[in-house]
Amino acid sequence: FYQKASTAFRDHHKLLAVCTISGGGLVAYADVRPFGSAYADAAQPPLKKTKVVVLGTGWAGTSFLKNLNDPSLDVQIVSPCNYFAFTPLLPSVTVGTVEARSVVEPIRNIVKKKNLDVSFKEAECFKIDTANQKVHCKSTQNTNIRGNAEEFTVDYDYLVIAMGARANTFNTPGVVENAHFLKEVEDALRIRRSIIDCFERASLPNLSEEDKKRVLHFVVVGGGPTGVEFAAELHDFLHEDLTKLYPDLRKYITVTLLEASDHILNMFDKRITDFAEAKFKRDGIQVKTGSMVVKVTDKAISLKERLTGETKTLPFGMVVWSTGIGTRPVIMDFMKQIGQGHRRVMATDEWLRVEGVPNVYALGDCATINQRSVMEDISAIFSKADKNKTGKLNVEDFSEVINDIVERYPQVELHLKSQKLKNFVQLLQSKQDGAAKKATLLDIEKFKSALSEVDSKMKSLPPTAQVAAQQGEYLAKCFNRMKECGENPEGPLRFRDSGRHRFKPFRYKHLGQFAPLGSDQAAAQLPGDWVSIGQSTQWLWYSVYASKLVSWRTRFLVIGDWGRRYIFGRDSSRI
Ligand code: FAD
């Protein structure tokens, strides 16, 4: 198994290092200097470079920047963070298994060796003006004489939106004011301080037993991978380090993990879910499923049982909210501006172009590939195949059309397995005998409506670093090969237009997912339904994450931190 798993992960790493997919439908390309002409003729004024503005320095933005290498581009980066943060290690930062500075790399370090014009502005974009191809930004540092943030605009020829997402509170009252989120490096540092604060508070004199229990009750809301990993890290910190320093408080400590659905880690294989739930039970982490948080105050959290409607109050010392992601306000405003106000997440096509706006791309957590456009393409495929415009296809042509669709949209293959479609296809096949076969016509509308019924079940890509990084890499390759592919388009035929698409569409390759469960145990779900659980998986986790860190500097620091933790334990100073 180990050999197979390490090959899978070596391939994974290779995949991140070497781009898998080439690009998509980038359109007109203004002011591009011809390749190889680079200022050779001194009499000629230098040609204007194409301005590419990148919003965000997270997984998607950084992956795009790391892979971009066309010197004819003038790249301007705008982000409130002048660094890239390796988010999968943030749960470890909350308890000091790894230090915050070990998981971040200055963005200037990442781009400095590039043969590109790159500049960085530490600011926040607050408005995108597509009519004038400008983004409005405000500094996170400078304020003007009236005390307001200094504002400026940046022009673009191409805009790459990679602003990620914000924590989703589902508008639950009191969450923003009283809970911690675990999204950014600052959040992880705040949680670390807050844990120690709870222990110091519980050590003060005059606290009743009840108060001590409350102060040392740690609640994690959300049983997804981040919430589970944080609960596991917290449990290890409490039991491996803090109980040694605060032995009298051991009996008051509780960790509760709340999940609204019936199981934690429900996106994983059942074997992993079962193992995680059993392990947490053994560790004494209270897993409470099937209850929704309805309110959070400074000292207690109110729950409502999903089945019985019964409400309950849990006093706590610290609560961490990790229930998924929502759209940032700036993106919501932008979506309203471009006619996507009815959507929850910004929609792009398969080339990562924002629907309805030219020269704007969106990748990572802030966008999703719109499946509706997939349905429209499928309709167009049928229309093209329906040569007599009767709305019906001969069954003989049917399989050809289906192959065409499946080749272009592999996700449709899953639909063909869904019961409704299966029945429909079986019905057709049953008619495919002898003379009847030729005569049978397929009613396109019926098939399309069967397909669109299951359309809602089409899964959008998960909001993960893996998706964001692959999209960034894909888009950079498109930009690098824009001229070449403009001359020799390599994408599929355009269904709603003539000719071919310039680039192949983006294809996500899922390479597996880990769930660290504490006490040096982890679970992994690898492609091909491979499941691995236990200590060896934890070592696989160490090696995969060490190899995926963005630089040698951070790699050394993180490995050093892991070693320090083994030898000396975690540091519990409140600084
Ligand atoms: P981000 O990485 O969030 O980057 C967004 C960028 O936009 C940031 O630089 C931000 O500063 C910037 N920005 C924000 N607002 C503005 C603005 N107004 N103007 C300009 N810039 C702005 N995924 C995995 O695949 N595996 C894991 O193990 C994993 N673990 C995780 C653990 C934690 C604790 C968290 C929080 C996430 C984890 N994820 C994991 C998910 C992963 O981090 C995200 O899917 C990924 O970060 C998305 O990348 P992104 O570039 O879209 O957004």
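This is a predicted model: local features need pLDDT of at least 70, side-chain atom pairs count only at pLDDT 80 or more; totals for chains, interfaces and linings use all residues.

Residues are numbered from 1 along each chain as its sequence is written.

**The chain as a whole**

- The chain has 20 helices and 26 strands; these are DSSP runs numbered from the N terminus, with helices being H or I of at least four residues and strands being E of at least two.
- Of its 575 residues, 38% count as buried. Buried means that 20 or more other C-beta atoms lie within 10 Å of a residue's own, exposed means 12 or fewer, and partly exposed is in between, with C-beta atoms placed from the backbone.
- Take the contacts between residues at least 6 apart in sequence: 67% of them join residues at least 24 apart. Two residues are in contact if their C-beta atoms, placed from the backbone, lie within 7 Å.

**Around the ligand**

- There are 33 residues around the ligand, and Gly 56, Gly 58, Gly 164, Gly 364 and Thr 464 come nearest. To be near, a residue needs its C-beta atom, placed from the backbone, within 6 Å of the molecule or strand.
- By class, the shell holds 18 nonpolar, eleven polar and four charged residues. Nonpolar covers Ala, Val, Leu, Ile, Met, Phe, Trp, Tyr, Cys and Pro, charged covers Asp, Glu, Lys and Arg, and the others, Gly among them, are polar.
- At least two shell residues come from each of α2 (59-67), β2 (73-79), α3 (90-93), β5 (117-129) and α17 (465-480).
- Domain 2 (21-165 + 327-369 + 461-508) and domain 3 (167-325) each give the shell at least three residues; the domain bounds come from an automatic or database assignment.

**Helix α20 (residues 552-568)**

- Thr 554, Val 558, Asp 561 and Arg 565 are the buried ones to look for in α20. They cover an arc of only 55° around the axis, so they sit on the same side of α20; the arc is that of the directions from the helix axis to the C-beta atoms.
- On the other side of α20, Trp 552, Gly 563, Tyr 566, Ile 567 and Phe 568 are exposed.
- The buried residues of α20 pack against β4 (104-106) and α19 (535-548).

**Helix α9 (residues 270-283)**

- Buried in α9 are Ile 272, Thr 273, Phe 275, Ala 276, Glu 277 and Phe 280.
- Those buried residues pack against several elements, among them α8 (225-245), β12 (254-259) and β24 (513-518).
- Just after α9, Gly 284 has a positive phi of about 90°.

**Residues worth a look**

- Phe 170 isn't a glycine, yet its phi is positive, about 55°. Find it in the loop between β9 (166-167) and α5 (175-178); it counts as partly exposed because it has 13 C-beta neighbours inside 10 Å.
- Asn 206, also not a glycine, has a positive phi of about 70°. This residue lies in the loop between α6 (185-202) and α7 (209-215) and counts as exposed, with 5 C-beta neighbours inside 10 Å.
- Asp 571 is in the segment after α20, and its C-alpha atom is 9.6 Å from that of Phe 237, 334 residues away along the chain.
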